[in-house]
Amino acid sequence: MSLIDNLKDRLKVSDVEGLKKKAKAIKDIVSNKPGKNEAEEKKEEVPAGFIKCPDCGNIIEKKDLGKLRICPKCARLFRLNAKDRIKTIADEGSFEEFDVNMEAKDPLNFPGYPEKVKQTQTKSGSKDAVRTGVCTIGGYRTVLAVMDSTFMMGSMGSVVGEKITRAFEYACDKSLPIVVFTCSGGARMQEGIVSLMQMAKVSSAVARHSDKGLLYVTVLTDPTTGGVTASYAMLGDIILSEPKALIGFAGRRVIEGTIKQKLPDDFQTAEFSLSHGFCDAIVEREKLRGVLKRILKLHGYKKEAE
Amino acid sequence: MANAFDRVKIARKVTRPTARDYIEHIFEDFIEFHGDRGYADDKAVIGGIADLDGTPVTVVGIQKGKTMEENLEVNFGSPHPEGYRKALRLFRQAEKFGRPIICLINTSGAYCGVGAEERGQGEAIAKNLFELSHIKVPTISVIIGEGGSGGALALAVTDRVWMLENSVYSVLSPEGFSSILWKDPKRYKEAADVMKLTAQDLYELRIIEKIIKEARGGAQNDFGFTANLLKNSLEKEIKTLSEKDIDTLLEERYNRFRRFGEFTE
């Protein structure tokens, strides 16, 4: 059945011309290439060791971004991979990683998926899209999970779901708080329904941890979308966000396709999320560690040696 | 044996019996309740209280229309955040009064629009997953047509998840799946085959516990047949679940979802 016939059948209408127009509009949207990897990684004519800031356009020496990866000219936040992020949050040398060797399988026998995972592992030096472990932050013992947008856009399949669930279970078992840095394009399509089930699995573990009266802090980072937004990203007792992070449920193009209009630039930003009541505070990257430390202190957790 | 996309077509048929059809057939004394008490009454989600074989229950469904007018009213069965919040309100009410919960799911997905984002579609779904996972009454969800991604899962973190024989349940539509992964929306039939979205596939993957039979060609061809089977199964299973003590029920629900995932270490 063609798209037109299908729509005609579903909608019980006879305006075929109008439908054809709609079908074409839908087709145009669907055929647009989804989610280009971020512009900052695109190689322009920039000399080696330098990077062009996509916000202010200045050519910046990479080392000047510093360990927080902030543009020295305009304060734009460049994405941090999980390893580098952990260094900016955990007390030096305190992070003990969990489940270091966990790797994806291929529940749907999806053509090309195992190869894609292998390639990404080689390129990124990570096994999958999250690192979890226990550490101290300013002396406060905390479970920490950090998602990694450099690994298949931080998509959530079995490994992400299992590692985050175990992190919550560990925290629950040891009566520890947990901090989760989210960034994700959503569910990992290659694992189909199994990736959808991770949303339920992690949310159940969050509920158990919460039922014990323990603290869960979410830090939303760029981008947090889809199935991660619709599960643990929005379940923190306290939800913080980095400035200007993309935060949303549906993709921008999908919405533009539905409503046939361009969306404003600030749609689905951290600031949009804050003003609509879906995050507690926007915190600059350089202040995050300090704010987390204060939150842990104010929840009565005991300080170990820093 | 139908191929996977034939099932998708049956699941989407405009003549397919809706949540309201099943509610009227299966339950007695249904009283519909409206609104999320925060923003609006989303007609894509219907719910209320009713009698199932002598037991008061809460029933919540996602409603599709059979005509253009009906579909405009129920937004083609795609709920806004207030729809999920209305469901959550009814779930909490059920918990307070110790009523089992039954959800009838039929949606191509949660609505993707400006208002839905402004009012926190992600948060609304997340909160439902969280609350359903530890709600202290027996829960059963049944996918009666389309089970579209997080928009369906928001009513399906339940003790039992069943599907009608020709319903489908997936992380994304086959059309969306093929355009995202293959950059080619035309390969939707192939996508439907790979995705394991049919009731039979999902039963084999142990994502669901039960398949409810339909007449040849779909439930619309003999509504009473499927509706009676579903009624009998619900009556039996609600009794079984109600006999469990609440800690056992919650432990089993946790483990039901805990085991999903395939990985090596």
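Over all chains of this predicted model, the count comes to 43 salt bridges, a salt bridge being a side-chain nitrogen of Lys or Arg within 4 Å of a carboxyl oxygen of Asp or Glu. Side chains of opposite charge can pair when their charged atoms come close. In this predicted model, local features need pLDDT of at least 70 and side-chain atom pairs count only at pLDDT 80 or more, while totals for chains, interfaces and linings use all residues. Residues are numbered from 1 along each chain as its sequence is written, chains are lettered from A and ligands numbered from 1 in the order in which they are written, and side-chain values use heavy atoms, with hydrogens and water left out.

**A salt bridge within chain A**

- A:Glu304 and A:Arg141 form a salt bridge through their side chains, at 3.7 Å from N to O.
- A:Glu304 lies in the segment after helix 10 (285-298) of chain A and A:Arg141 lies in strand 6 of chain A, so the pair ties together parts that are 163 residues apart in sequence.
- Helices (H or I, at least four residues) and strands (E, at least two) are DSSP runs, numbered from the N terminus.

**The interface of chains A and B**

- In chain B, 60 residues are in contact (heavy atoms within 4.5 Å) with 66 residues of chain A.
- The two chains bury about 5500 Å² between them, 69% of it on carbon and sulfur atoms; buried area is the accessible area (1.4 Å probe) that two parts lose on being put together, summed over both.
- Four salt bridges are counted between chain B and chain A.
- A:Glu169 forms a salt bridge with B:Arg258, with 2.7 Å between the closest N and O atoms.
- Helix 6 (residues 121-133) of chain B supplies nine residues, the largest share of the side of chain B that touches chain A.
- That side of chain B has 32 nonpolar, 13 polar and 15 charged residues; Ala, Val, Leu, Ile, Met, Phe, Trp, Tyr, Cys and Pro count as nonpolar, Asp, Glu, Lys and Arg as charged, and the others, Gly among them, as polar.
- Strand 4 (residues 103-104) of chain A and strand 9 (residues 263-264) of chain B run antiparallel and are joined by two bridges.
- A:Glu103 stands opposite B:Thr264 in strand 9 of chain B.

**The sheet of chain A**

- Seven strands of chain A form an open sheet in the order 3-5-6-7-8-9-10, with mixed pairing; two strands pair if DSSP finds at least two bridges between them.
- Its edge strands are strand 3 (96-97) and strand 10 (281-282) of chain A, each pairing on one side only.
- Strand 9 (residues 238-241) and strand 10 of chain A pair in the parallel sense over two bridges, and A:Leu240 stands opposite A:Ala281 in strand 10 of chain A.
- Helix 5 (residues 158-173) of chain A packs on the sheet, and its direction makes about 25 degrees with that of strand 5 of chain A; axes are lines fitted to C-alpha atoms, for helices over the stretch in contact, and angles run from 0 to 180 degrees between N-to-C directions.

**Backbone details in chain A**

- The peptide bond from A:Asp222 to A:Pro223 is cis, with omega near -10 degrees, and A:Pro223 lies in strand 8 of chain A.
- A:Met152, a residue other than glycine, has a positive phi near 45 degrees.
- A:Met152 is placed in the loop between strand 6 and helix 5 of chain A.
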